[in-house]
Every structure is written in C-alpha cells, then in structure tokens.
Amino acid sequence: MRAEQHYLAGLDLAGRRVVVVGAGTVAQRRLPRLVASGAVIEVISPEATPAVEAMATAGEFTWTRRAYADGDLDGAWYALACTDDTDVNAAITVEAEQKRVFCVRADVARLGTAVTPAVGEHDGLLLGVLAGGEHRRSAAVRNGVLDALRSGVVGDAASPPLPGVALIGGGPGDPELITVRGRRLLARADVVVADRLAPRELLEELPPHVLVVDAAKIPYGRAASQDVINSTLIEHAKAGKFVVRLKGGDSYVFGRGFEELLACAEAGVPVTVVPGVTSAFGVPAVGGVPVTHRGVAHEVVVVSGHVSPTDERSLVDWPALAKLRGTLVLMMAVERADAFAATLIEHGRPATTPVAVIQEGTTRAQRVVRTTLDKLGTTITTEAIRPPAIIVIGDVTALTP
C-alpha cells in the first residue's frame, strides 16, 4: 500500500502572523526565508543565538523573551516548534491542531502538520523538494536540480534572453569560482567574447551554436584592440544576440570593464554587470596568503604594475606606498618586479620584507614562491616565473598555517 504523501503548496504569508517558538540554530536557519516572505513574525524564546538576536535588533521580527505559553498561537497562520524540549514542542503542536494552525515540528517532523522542504532559489524560481522525511535525499535532489539550472543543463527560460551585454568576472582561474549568476548568464549566451585569463573550461561547456570570440590579451605580445572588442560587443548585441563578455578576475579591477560599459551605453546597448572574485584577493587566499591578518596588516593596497615606477604615465605614488606597513598586492607586475622592489626599498620599505609570488593561482599549475623584497627580481628570474602571477608584499606572507 502506497504511503500518504505531503501536499506541496506555496503559502502566501505576507502580512500574516507567524509564530516561531525557539531561537536556536534551527530557528536561525528558518527565519531568513520567513522574513523574506513578508510575514509578521513573533519569535518566542528566553534566549537566542547571536544571529537571531541581531535580526531581532534590526527589526526584522519581534522577539518575546520568555518561554512558550498556551495561547501564543492566537491569530497565527503558521507555526514552527523549534525548541530543544520535546514536551514543549508537543504542547505547541497540540495547540496548533486545536486552532487549525499548520505547524512544523523540528524535532520529530512526522508529528507536525507541516514539513519544511529542502528549498533553493534560482533566478526568481523557488524550488522545494520533499522526500517523505528523508532529508538527505531531498537536499541531494534540490542541489542536483539547482546545479543543472545554474550550469544550463536544464533550461528555465520561458523566452530567450533579451539582446544586450553581460560583463562577467569569471574569477581567478578555477572554473568553480565563477559566481552563480555569472554561470547562469553564461549558459544563456549567444556570443561569448572571452579573455585569455577567463576560465577556459567554462567555454567547453557551451552549446555548439554559441559563437566564441577570442579577445585574448597576451602580456607583452599580440593583443586585441579595445576598440575592436567594444565594437564586437555592440555589433552582436544590436544584431539581437545576448553577448557575454567573459573576463578573468573581476571586470572592474584592472579589467577595463567600465570602458566597455561606457562604449555600450553610448551605443544604446543595455549592460548587466556581474562582479567576479578578484585575483588580487582570491589567488593569495588559495595560495595560503591572507592579505590582511589581525595584528599584522590593517591595510591592503592593490596596484597595477603595467607601467614602470618611473614611467610618466604612472598614477601611483610609490614613495607613499613604501611608507605603508600593510600589504601590497601587485598585479601585472612580473616583468617590472625588480624595478618596483627597488623603488619601494629606496623610499623606506625594508629590504627584508617577505614576499610571496603566486603563479597561475587557483589552477592545477599553481605554484607559490616565497622570497624577500630585495631578492624579488632575482627570484622571478631564477624560478622562471611568468604571467599570470600575483605578487604579495608584506608581513602577511610570512604567516603559515
């Protein structure tokens, strides 16, 4: 005989009273979505986790600081029994049944009159999965469906995306470090204009009909003109295509993303900006270097190394940087590393300042080389360091797990 199944429904709780009894970790997990529903929430509990207390302090719900008492569900549309006391949860359930209020019982789900599904969100979709009390199974299915939607394996668009351009930061190299939104929009692209440092594995996942345009900017070698890139984005968007400009790191951190936005805006092409994990911070983190650390560094400065310290085009105040005690992160600085180090030392940065160089960070080819500021240029030569590489200067690089 087939077991009875729960009836899956979406409750409109906006403006309606919801009572949550208990303010521990279970309530902490349930409250954010209840708050987002627009419900009028009262949390009843003598104590609360710091996170729940912070939400109450911010005015997201009312916190009544006492134990549960019969009658607390008066006027409620929905209730959650989330205490760590079985008898209290049972009493809440009894009152809920008497007053015909659907009630979730966190300790023994089958004894409540409602259950909480494994829930996930994707671009306006709210997914809920029930598996007859098999929580790990429902969570696994939820995760699988979300992954399929986010990667584009399962389509969710009722209509094709509108023409336009999405500037997407692909992250520091590992394809799994692109943002959820970035991956979702990439899966909808008709045209992808990709840099050399964009996660190349993501391009392999694109359907055959997607046009991939190589906009590789190889350091010290051939480079696609920025004007050509801009015109390519505009041309395809005006032809009715959805164009993704895929870059490594973050488009706005030395990525010329804002130049492309301005060009598109001038041409009347709508642009969506999707930030990425910048290599300036993501690469050191994966390489075991915290760019800040309590008691070690109270500031971190990211500097472009595409021109020499003595170049008249340089906008960097190198003497001021040398006087800082915190962390310097140099990007695109491999070729001129010796000059940067000499300038910093000349203006007061100790020659013995520890340095970490992380080449091809977050990828399988990643390697981390540690040295000191006075030996930076020599180390890069002897270790045959090549771009892309991040140079981190400061005491944080001497820290080890």
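In which sense do strands S1 and S4 pair, and over how many bridges? This model is predicted, so local features need pLDDT of at least 70 and side-chain atom pairs pLDDT 80 or more, while totals for chains, interfaces and linings use all residues. Residues are numbered from 1 along each chain as its sequence is written, and side-chain values use heavy atoms, without hydrogens and water.

**View 1. Strand S1 and its partner S4.** S1 pairs with S4 (residues 78–81) in the parallel sense over four bridges; strands are DSSP runs of E with at least two residues, helices runs of H or I with at least four, numbered from the N terminus. Pairing takes at least two DSSP bridges between two strands. Look for Val 18, opposite Tyr 78 in S4.

**View 2. Strand S1 and its partner S2.** Here five bridges join S1 (residues 17–21) to S2 (residues 40–44), again in the parallel sense. Val 21 has Ile 44 as its bridge partner in S2.

**View 3. Arg 16 and Trp 77.** The charged end of Arg 16 sits over the Trp 77 ring, 4.4 Å from its centre (NZ of Lys or CZ of Arg within 6 Å of the ring centre and within 35 degrees of the ring normal).

**View 4. Tyr 252 and Phe 258.** The ring centres are 5.7 Å apart and the planes stand at 90 degrees, so this pair is edge-to-face (centres within 6.5 Å; planes over 60 degrees apart are edge-to-face, under 30 stacked, the rest tilted).

**View 5. Trp 318 and Phe 340.** With centres 5.0 Å apart and planes at 15 degrees, these rings are stacked. The pair links helix H10 to helix H11, 22 residues apart.

How values were computed
Phe/Tyr/Trp six-rings, centres within 6.5 Å; stacked < 30°, edge-to-face > 60°. Buried < 20%, exposed > 50% of the residue type's maximum accessible area, 1.4 Å probe, protein only.
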